[in-house]
Amino acid sequence: MLINFIGDIHGHANELKTLLAKLGYRKSPRGGWSFGEGTIVFLGDLIDRGPHQKQTVDIVRELCELGQATCLSGNHEFNAVGFVTERTDEPGKYVRSHTDNHIRQHQAFLDAFANDAHGYRETLAWFQTLPIWFDNSEARAVHACWNAVAQNDLASLLNDDHSPRSRTFYEQTGIYGSRAWEARETLLNGLEVKLPNDVFFRDYYGVKRYRIRLNWWQSQQTTFREAAVIDDSQRTTIPELPLPRKSPAYDGPLCFFGHYWMRGTPQINHPQAVCLDYSIALHDGILCAYQFRGETKAHQDHLVWVKKSVTANK
């Protein structure tokens, strides 16, 4: 059994095609595919930021429809649907609010479909069919955080394959502060905890953040600075204060996830929990995959990646 898990793509179709070719998947000039060994699980965040939004979606969707792949929802796919889904608790407002920051983050995707209203609607409809997580008992995958409590809280809104039953999923998980909202946030955005005393740091885009994303896979973390999922260059901006509660630690079948903007050369940092997001949207980014072959602990030599091609994306 081989499953190729592929991390966040963010509209970088050129690097996706190169990575797929490394895995044995190539599309001929006539349109047909030659398939590699096994299947593919995409970890979500196909869109936003990159130069080839539609092409990325088209490649992934075609592989899914051919039965060669499964694509999970990332927070960016959820946000795309939420951008046009009215809130049931505040009519006239949207699940993904139309703030200047949110519009800026989503603008590349909107621009890609500016002259294709039908394609835009079809793409959003397809996003609504994407599972929130994958689990075949030997390997697992989720966009941001594996959390059994959150999964149970969403069970009534999901089909057997963990995909949304209806638009109600977006409406219910869009009610700020609700249990469904907390569960969806955990799975697609990660566990977060508020920094003490109104302390904040600025993210890659200069946005003030008053909460840290909590590293949910490593054990024995006791301070905010230690447990924060953040680039090491920013780590000293996080206070060296004790966490308000014990940090969780993952112990289960091999689990693959994206979302966290890792930097540098891809590597295995935990034997059973593997992040495959290596910041392809940044100038020195990498698109990363892992070839799972049934092992119980992750192997460094099962990682496959391609570096960002700057000239190819102009």
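A cavity, on a 1 Å grid over the protein atoms alone, is a set of points where a 1.4 Å probe fits but cannot get out. Its volume is the space filled by probe spheres set on the points, with grid points joined across faces, edges and corners. The structure above is a predicted model, in which local features need pLDDT of at least 70 and side-chain atom pairs count only at pLDDT 80 or more, while totals for chains, interfaces and linings use all residues. Residues are numbered from 1 along each chain as its sequence is written, and side-chain values use heavy atoms, with hydrogens and water left out.

By this rule there is one cavity of 30 Å³ or more. The largest cavity holds about 50 Å³ of space. Its lining, meaning residues with an atom within 4 Å of a point, consists of Asp 48, His 76, Asn 79, Arg 96, His 102, Gln 105 and His 106. Helices (DSSP runs of H or I, at least four residues) and strands (runs of E, at least two) are numbered from the N terminus. Helices α3 and α4 each supply at least two residues of this lining, and the largest share, three residues, comes from α4.

A residue is buried under 20% relative accessible area, exposed over 50% and partly exposed in between, with a 1.4 Å probe and protein chains only. Because eight of the eight residues of α3 (residues 75–82) are buried, this helix is largely enclosed by the rest of the structure. Its buried residues include His 76 and Asn 79, which also line the largest cavity.

Trp 181, Arg 184 and Glu 185 are among them. The cover of the buried residues of α8 includes α3, α7 and the strands β6, β7 and β11 (211–213), together with α6 (148–154). After α8 comes Gly 190, whose phi is positive, near 100 degrees.

Strands β6 and β7 belong to an open sheet of four strands in the order β6-β7-β12-β13, with mixed pairing. Two strands pair if DSSP finds at least two bridges between them. The edge strands, each pairing on one side only, are β6 (133–135) and β13 (273–275). In general, strands of a sheet pair through backbone hydrogen bonds, either parallel or antiparallel. Between β6 and β7 (residues 139–142) the pairing is antiparallel, over three bridges, and Phe 134 stands opposite Ala 141 in β7.

Phe 134 also lines the second largest pocket, as do Trp 133 and Asp 135, among others. A pocket is an open set of points with protein on both sides within 12 Å along at least five of seven lines. This one has a volume of about 180 Å³. Strands β5 (69–71) and β6 each supply at least two residues of its lining, the largest share, three residues, coming from β6.

Finally, the whole structure contains zero disulfides, a disulfide being a pair of cysteine sulfur atoms within 2.5 Å. For Cys 275, the nearest cysteine sulfur is that of Cys 288, 8.6 Å away. Cys 275 is buried, with a relative accessible area of 7%, and Cys 288 is buried at 0%.

Key. Contact means heavy atoms within 4.5 Å.
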